[in-house]
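Here is a protein to look around in. Take a moment with the sequence and the 3D view, and then we'll walk through it together.

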Amino acid sequence: MSNERRERKPNNLGFIFEQLHRGVPSVEILSQIEERRRRRAEGSKAAQKGSHSERVARNAIFKIPVVASAIISPKDGYEDENLVDINVRLKIPDVEQVAVQVKSSQEGIKKAKRILRRKMKLTVEQFDEWLIANKLILMNGQQDNEEIQQQFMDQLDKIKEFHAVPQKPIASNITSGVV
């Protein structure tokens, strides 16, 4: 615990010295420090809610018969930075794996879609197709198991349809007309 405090103090001290050097009154500096602590605590609550949503979604997804495995991605890793909260391996030949991005509300899903779509400069339709093409499922992890499973399967059906390998035509017994 004392090591954690030692690591935090230089950050606060550095901030305090920087603000004092700029001529900021000490009362204002203390107010800013409290605001930083409040924001950090709120961020921590949001992170806890997000982690809970991921666990709930993972447990619900894992119970689906076509799912071979569902693994939550490590936080702040490559996968997390690339929108993957859960890696799901499937027992389906055309689609062996999908990525799942879990949000804690429908509003969170809408916001994430809006931000990503604007970043990528895509229309709503193009973005929806991009999600399907990249085998990425966006879902709300604050629902009950049945609703989570239904969301997953609805989006998985679209992905399967998009990635389906065309079947070769069955050879027929029709002759070419040569006798």
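What follows is a short tour, going from the overall layout to some individual residues.

A word on the ground rules: this is a predicted model, where local features need pLDDT of at least 70, side-chain atom pairs count only at pLDDT 80 or more, and totals for chains, interfaces and linings use all residues. Residues are numbered from 1 along each chain as its sequence is written, and side-chain values use heavy atoms, with hydrogens and water left out.

Let's start with the layout. The protein has six helices and four strands. Here, helices (H or I, at least four residues) and strands (E, at least two) are DSSP runs, numbered from the N terminus. Read from that end, the order of the elements is α-α-β-α-β-β-α-α-β-α. Of the 179 residues, 26% count as buried. Buried means under 20% relative accessible area, exposed means over 50%, and partly exposed is what falls in between (1.4 Å probe, protein chains only).

Now head for strand 4, which covers residues 136-140. Five of its five residues are buried, so the strand is largely enclosed by the rest of the structure. Which way do they point? Leu136, Leu138 and Asn140 go one way, while Ile137 and Met139 go the other. Two strands pair if DSSP finds at least two bridges between them. If you'd like a spot to look for, find Val102, which stands opposite Met139 of strand 4.

Next, a pair of loops. Lys121 sits in the loop between helix 4 and helix 5 (124-133), and Lys135 is in the loop between helix 5 and strand 4. Lys121 has a positive phi of about 55° although it isn't a glycine. Lys135, also not a glycine, has a positive phi near 55°. What about their surroundings? Lys121 is exposed, at 73% relative accessible area, whereas Lys135 is partly exposed, at 24%.

Over on the surface, Lys110, Lys111, Arg114 and Arg118 gather in a patch of positive charge. Patches are made of residues with over 30% relative accessible area and no salt bridge, with like charges joined within 9 Å. Arg118 belongs to helix 4 (residues 106-120), and with a relative accessible area of 57% it counts as exposed.

Finally, how many salt bridges are there? The count comes to two, where a salt bridge is a side-chain nitrogen of Lys or Arg within 4 Å of a carboxyl oxygen of Asp or Glu. One of them links Arg22 and Glu18, at 3.1 Å from N to O. Arg22 is exposed at 59% relative accessibility, while Glu18 is partly exposed at 39%. Another joins Asp157 to Lys160, with their closest N and O atoms 3.6 Å apart. Both of these residues lie in helix 6 (residues 145-163), three residues apart, which is about one turn of the helix. Asp157 is partly exposed, with 38% relative accessibility, and Lys160 is partly exposed too, with 28%.

Terms used
Patches are made of residues with over 30% relative accessible area and no salt bridge: like charges are joined within 9 Å, nonpolar side chains (Val, Leu, Ile, Met, Phe, Trp, Tyr) within 5 Å. Accessible areas come from the Shrake-Rupley method with a 1.4 Å probe; for residues, only the protein chains shown count as cover. Lys and Arg count as positive and Asp and Glu as negative; His and the chain ends are not counted. The place of a charge is taken as NZ of Lys, CZ of Arg, CG of Asp or CD of Glu.
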